[in-house]
Amino acid sequence: MTLATMGSRTTKSKSKPHQSVKRDNLHKYIVKTLGGDRVSDAIKIPVDTNRQEWIAVNTVDFFNTISLLNSCLSDFCTIHFCPTMTASARYEYLWSEGVSKPQPCTAPEYIENVLVWVERLE
């Protein structure tokens with residue numbers, strides 16, 4: 001039994017709703033324009049796309065990229081190696097959501113708090 005045959009028994013293909021197709025097309029446009037010489041090409045809103053939709057797709061992609069980056073770095077940025085969330089020795093980030101006074105926390109805790117907070121914004 002091949003992997004493809006095995007997979008066909010456990011998965012069922014569904015047609016995507018119109019919104020997913022539109023999002024997929026916007027994502028392909030984003031990928032196509034990234035890495036070019038001109039940033040203005042990468043941020044230009046495609047024809048037949050409204051501004052809010054363009055911002056939403058880019059925001060979701062940015063969040064997914066940050067989540068992926070966090071997953072890659074989590075083995076290296078642990079509570080032992082990153083005991084505080086800082087930007088150089090000059091700035092320390094404090095967490096203030098749900099507490100009366102902003103609190104210091106480890107970098108992994110801070111990043112997790114931010115990702116959870118953003119997910120709750122929906």
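Predicted model: local features only at pLDDT ≥ 70, side-chain atom pairs only at ≥ 80, totals over all residues.
1. Of the 122 residues, 16% count as buried.

2. On the fold, you'll find 5 helices and 4 strands. Reading from the N terminus, the order is α-α-α-α-β-β-β-β-α. As for contacts with a separation of 6 or more, 42% of them join residues 24 or more positions apart.

3. What makes up the largest nonpolar core? It has 6 residues in all: Cys82, Met85, Trp95, Cys105, Ala107 and Tyr110.

4. Have a look at methionine 85 while you're there. Setting aside neighbours within four places in sequence, Met85 is in contact with Tyr91, Glu92, Tyr93, Cys105, Thr106, Ala107, Tyr110 and Ile111. Cys105, Ala107 and Tyr110 from that list are also members of the largest nonpolar core, along with Met85.

5. Now the largest pocket, which holds about 250 Å³ of space. Helix 4 (51-73) and helix 5 (107-120) are the elements that each give two or more residues to its lining. The lining residues are Ile66, Leu69, Asn70, Leu73, Ser74, Cys77, Thr78, Met85, Ala107, Pro108, Ile111 and Glu112. By class, that lining has 8 nonpolar, 3 polar and 1 charged residues.

6. Two residues tie these points together. Met85 and Ala107 belong to the largest nonpolar core, and both also line the largest pocket. Met85 and Ala107 are in contact with each other as well. Ile111, another contact of Met85, is in the pocket lining too.

Methods
Residues numbered from 1 in each chain as written. Heavy atoms only, no water. Core = buried A, V, L, I, M, F, W, Y, C linked by side-chain atoms within 4.5 Å. Buried < 20%, exposed > 50% of the residue type's maximum accessible area, 1.4 Å probe, protein only. Contact = heavy atoms within 4.5 Å. 1 Å grid on protein atoms, 1.4 Å probe; cavity = no way out; pocket = protein on both sides within 12 Å on 5 of 7 lines; lining within 4 Å. Points joined across faces, edges and corners; volume = space filled by probe spheres on them. Nonpolar A, V, L, I, M, F, W, Y, C, P; charged D, E, K, R; others polar.
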